[in-house]
Every structure is written in structure tokens, then in C-alpha cells.
Amino acid sequence: MKKTLFILLAAFTAAMCFAGAYLGADKALANSGTNVNSSAAAMALVDGDTGELIFSKNCDAKREPASTTKICTAITVLENQTILDIPMPIPDEAVGVEGSSLYLERGEMLTVRDLLYGLMLQSGNDCAVALAIIVGGSVDGFVRMMNETAAKAGAKNTHFANPHGLHHEDHYTTARDLCAISYYAMQNELFREIVSTKRHTTPYHDHDYKRNFPNKNKILFNYEGGNGIKTGYTRHSGRCLVSSATRDGKTYICTVLNCGDMFEECMRLMDLAFARG
């Protein structure tokens with residue numbers, strides 16, 4: 001009888017150990033994200049309420065983020081600048097910056113708030129430089145602040161070399177890190193307001209018409225619940241997108257890097273997440 005009880009106890013203990021190992025593996029899978037097929041070279045999708053990684057592909061591969069860099073630029077500005085609505089002169093260094101631009105003019109006056117809309121809706125590289133100098137005193141000083149913000153957001157494999165995302169050999173992040181930075185930024189109410197805005201207008205210095213900033217992010221227009229956040233492209237990075245959507249109180253954030261069909265792929269992946277529940 002004692003022998004039988006010993007055998008049963010041993011079997012029960014083994015079963016519990018197996019179950020614990022299984023649950024531990026399941027938890028690890030949830031933390032690492034389920035690998036999914038994707039047309040993106042790298043991708044990550046996280047729960048927008050908890051930051052938990054849900055889906056991934058090559059999510060820790062270092063890649064250039066192009067203008068999705070500006071997510072970190074914007075939240076760094078918002079956390080370090082309290083004066084948002086007093087017009088400020090555009091620094092000379094921000095005039096004529098290459099790539100996507102608002103074509104800021106020397107001597108023009110704009111508020112930090114308007115520059116943030118220009119940064120995130122129109123992807124103005126000149127806005128990025130102007131904000132960097134206004135907030136950080138210099139581009140280099142502001143970039144140091146950006147890297148501190150990224151680390152605070154939980155990014156482990158990210159280094160920014162500029163505030164706009166133009167090609168630089170020492171400018172990189174990962175899909176996982178970009179989701180972490182985006183999740184962190186989306187906790188800020190004004191950041192959420194800016195990236196969910198479809199169009200912004202503001203007075204145009206010395207002109208009799210207004211500046212008009214339409215948002216380039218098609219997720220806001222073409223996806224149910226779409227509410228953010230940033231597009232990006234350079235020849236080196238390929239097409240990049242961080243998207244966000246909320247349905248029935250549930251939010252997901254998806255990053256795709258070097259993805260030719262970036263809008264369609266983000267929508268497909270978020271559909272999978274919403275169907276998953």
C-alpha cells in the first residue's frame with residue numbers, strides 16, 4: 001500500500017512539474033511574441049494597453065527607422081518643453097533641410113505645438129531640426145535627450161544619431177524597440193491627440209493664407225479605429241510604419257520595417273490581433 005501511494009505521489013509530482021514547465025514556456029512565448037509570416041523585413045505588434053509583445057518577426061534585428069524616428073523626437077519634446085503656444089523664430093539650421101519638409105523660412109515664427117504637428121503629420125525634417133534646437137539647444141544636445149528617452153521607454157537596441165531619421169550609419173532601432181517607444185509615447189495625451197489628427201492648419205508668417213498639414217498616415221482614413229502614429233521612408237530603410245488602432249476599448253500598436261505594402265500589412269496584422277481578442 002505504501003509503495004502504491006509513493007508511486008502515485010511521484011507521478012503527481014512529475015505531472016505538476018510538467019504542467020509548470022508548460023505554463024512557463026507558454027508565458028515565455030507570450031513575452032517573446034508569436035512568430036508570424038509577414039511581408040515586412042522586421043515587425044512587432046504589441047498590446048497598446050500593456051505593452052506585451054503579441055506578434056513578431058525579426059523583431060530584434062537592428063534596422064534604420066527613417067521618419068518613424070520622429071515618434072521619439074515628439075515625445076522627447078513634449079517631456080522637456082512646457083512652452084508650446086508662444087511663436088518662436090525658426091533657427092537658421094532648420095531652413096533647407098533635405099527630404100520631406102514644410103519649407104520653413106528664415107525669420108518665420110511658429111509655435112512648438114505647430115512644429116509638432118508639422119513633424120508628425122507632414123513628416124517635416126526641418127521641423128525636427130527646429131524642435132531639436134529650440135528644446136535641446138543644439139541638434140547634438142537634443143539627440144542625447146532622445147536616446148535617454150528611448151532607454152526610459154525600455155528600448156535595448158536603439159541609437160539615434162539625428163532627430164529626423166535621415167540615413168546615418170549609427171542611427172538604428174528594432175521593431176520591438178520602436179513598439180516600446182511608441183507604447184511609451186502613446187501614454188501622453190497630447191502626443192495621442194497630435195498623431196490622431198487628420199489635418200492641422202495654422203497661420204503662415206507674412207502670408208495671407210494658412211499653412212495646411214494633412215496627415216500622411218492612411219491608417220487614420222482607411223482602418224476602423226485607426227488613431228496613429230507615423231510613417232517613414234528612405235532608400236536605405238525601405239518603407240516603414242508604426243500604426244495604432246482602438247476598437248471596443250482595446251488598442252494594438254504595430255511596427256513594420258522595410259515593408260513595401262506597409263499600410264496593408266499593418267492592417268492585416270492588427271486584424272489578426274483584434275480577431276485574437
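I began with Thr 173, which touches Ala 61, Lys 62, Arg 63, Pro 65, Asn 157, Thr 158 and Leu 178, leaving out residues up to four places away in sequence. Contact here means heavy atoms within 4.5 Å.

**Ground rules.** I am working on a predicted model, where local features need pLDDT of at least 70, side-chain atom pairs count only at pLDDT 80 or more, and totals for chains, interfaces and linings use all residues. Numbering runs from 1 along each chain as its sequence is written, and side-chain values use heavy atoms, with hydrogens and water left out.

**Thr 173, continued.** I placed Thr 173 in the loop between helix H5 (139–152) and helix H6 (175–185). Helices (H or I, at least four residues) and strands (E, at least two) are DSSP runs, numbered from the N terminus. Is Thr 173 buried or exposed? Thr 173 counts as buried because its relative accessibility is 0%. The cut-offs are under 20% relative accessible area for buried, over 50% for exposed and partly exposed in between (1.4 Å probe, protein chains only). I also found a polar contact of 2.6 Å between the side chains of Thr 173 and Thr 158. A polar contact is a pair of N or O atoms within 3.5 Å; within protein, one must be able to donate a hydrogen and the other to accept it, and residues adjacent in sequence count only if both atoms are side-chain atoms.

**Whole chain.** I counted the secondary structure next: 9 helices and 10 strands. Of the 277 residues of the chain, 51% count as buried. I then checked contacts between residues at least 6 apart in sequence, and 59% of them join residues at least 24 apart.

**H2 against H6.** The axes of helix H2 (residues 70–80) and H6 come within 10 Å and cross at roughly 35 degrees. Axes are lines fitted to C-alpha atoms, for helices over the stretch in contact, and angles run from 0 to 180 degrees between N-to-C directions. The crossing is left-handed, meaning that the near helix is turned anticlockwise from the far one by less than a right angle (right-handed if clockwise). Which residues of H2 and H6 make the contact? H2 supplies Ile 71, Cys 72, Ile 75 and Glu 79. H6 supplies Ile 181, Ser 182, Tyr 184 and Ala 185. By class, I get 6 nonpolar, 1 polar and 1 charged residues. Ala, Val, Leu, Ile, Met, Phe, Trp, Tyr, Cys and Pro count as nonpolar, Asp, Glu, Lys and Arg as charged, and the others, Gly among them, as polar.

I looked at the burial of H2 as well. 9 of its 11 residues are buried, so H2 is largely enclosed by the rest of the structure. The buried residues are Lys 70, Ile 71, Cys 72, Thr 73, Ala 74, Ile 75, Thr 76, Val 77 and Leu 78.

Glu 224 lies in the loop between H8 and E8. Glu 224 is exposed, with a relative accessible area of 57%. Beyond its neighbours within four places in sequence, Glu 224 is in contact with Ala 245 and Arg 247. Glu 224 and Ala 245 are 21 residues apart in sequence and 7.4 Å apart in space, C-alpha to C-alpha.

In E8 I stopped at Asn 227. Asn 227 is buried at 18% relative accessible area. Its side chain makes a polar contact of 2.7 Å with the side chain of Ser 244. Asn 227 also touches Ala 245, among others including Met 186, Val 195 and Leu 220. A cis peptide bond joins Gly 228 and Ile 229, with omega about -5 degrees.

**Positive phi.** Asp 248 has phi near 50 degrees, a positive value in a residue other than glycine. I find Asp 248 in the loop between E9 and E10, exposed at 86%. Asn 258, not a glycine, has a positive phi of about 55 degrees. Asn 258 sits in the loop between E10 and H9 and is partly exposed at 32%.

**H9.** This helix (residues 262–276) has 15 residues and reaches 21 Å from its first C-alpha to its last, close to the 21 Å expected. The expected span is 1.5 Å times one less than the number of residues. Its buried residues include Met 262, Phe 263, Leu 269 and Phe 274. What covers the buried residues of H9 includes strand E2 (42–47), strand E3 (53–57) and helix H8 (219–222). Just after H9, Gly 277 takes a positive phi of about 90 degrees.
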